[in-house]
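Student: I am new to this structure and should like to understand the terms used to describe it. May I put some questions to you?

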Amino acid sequence: MSDIHFHALGTARARSGEDPLVPFLLSARSNPVTVSARDVRRLDSHRLQLLLVAEQQWLVDGADFKVTDMSPSFREGLERLGLDSAYFDKENPQ
């Protein structure tokens with residue numbers, strides 16, 4: 001069984017350079033992944049798009065992809081960007 005790869009999102013996406021989420025996802029491909037959103041103060045559309053595309057790719061690959069520890073501002077960002085605040089809750093599958 002593969003080890004779970006863990007990444008904690010920063011408070012906001014870096015405006016210069018590549019978001020650290022990108023190299024993490026590339027290196028963790030096809031392995032179980034947990035992404036913590038506990039420190040997110042602002043969720044922008046770029047970062048959400050990365051998470052949604054990764055979630056679908058992991059589904060195709062048959063590997064677990066979880067977003068955990070969602071801060072209130074992360075959940076507010078989901079709603080602001082058109083998703084239910086519980087979108088990534090595994091107890092409430094979409």
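Tutor: Let us begin with a pair of charged residues: the side chains of Asp-39 and Arg-38 meet in a salt bridge, with 3.9 Å from N to O. The model is predicted, so local features need pLDDT of at least 70 and side-chain atom pairs count only at pLDDT 80 or more, while totals for chains, interfaces and linings use all residues. Residues are numbered from 1 along each chain as its sequence is written, and side-chain values use heavy atoms, with hydrogens and water left out.

Student: Why is the contact between Asp-39 and Arg-38 called a salt bridge?

Tutor: The term requires a side-chain nitrogen of Lys or Arg within 4 Å of a carboxyl oxygen of Asp or Glu. The N to O value for Asp-39 and Arg-38 is 3.9 Å, so the pair meets the definition. A search of the whole structure finds six salt bridges.

Student: What makes Arg-38 partly exposed?

Tutor: Buried means under 20% relative accessible area, exposed over 50%, and partly exposed in between, with a 1.4 Å probe and protein chains only. Arg-38 has 44% relative accessibility and therefore counts as partly exposed. Asp-39, with a relative accessible area of 38%, is partly exposed.

Student: Which parts does the salt bridge between Asp-44 and Arg-13 tie together?

Tutor: The side chains of Asp-44 and Arg-13 meet at 2.7 Å, N to O. Asp-44 lies in the loop between strand 2 and helix 2, and Arg-13 in the loop between strand 1 and helix 1, so the pair ties together parts 31 residues apart in sequence. Helices (H or I, at least four residues) and strands (E, at least two) are DSSP runs, numbered from the N terminus. Asp-44 counts as buried because its relative accessibility is 8%, whereas Arg-13, at 22%, counts as partly exposed.

Student: How do you know that the length of helix 2 agrees with its number of residues?

Tutor: The expected span of a helix is 1.5 Å times one less than its number of residues. Helix 2 (residues 45-61) has 17 residues and should therefore span 24 Å; its end C-alpha atoms are 24 Å apart, which agrees.

Student: Why are the buried residues of helix 2 said to line one face?

Tutor: The buried residues of helix 2 are Arg-47, Leu-48, Leu-51, Ala-54, Glu-55 and Trp-58. Seen down the axis of helix 2, they fall within an arc of 130 degrees, so they line one face of the helix; the arc is that of the directions from the helix axis to the C-beta atoms. The face turned away from the buried side carries the exposed residues Val-53 and Val-60.

Student: What makes strand 1 and strand 3 edge strands?

Tutor: Three strands form an open sheet in the order 1-2-3, with parallel pairing. Strand 1 (5-8) and strand 3 are the edge strands, as each pairs on one side only. Two strands pair if DSSP finds at least two bridges between them.
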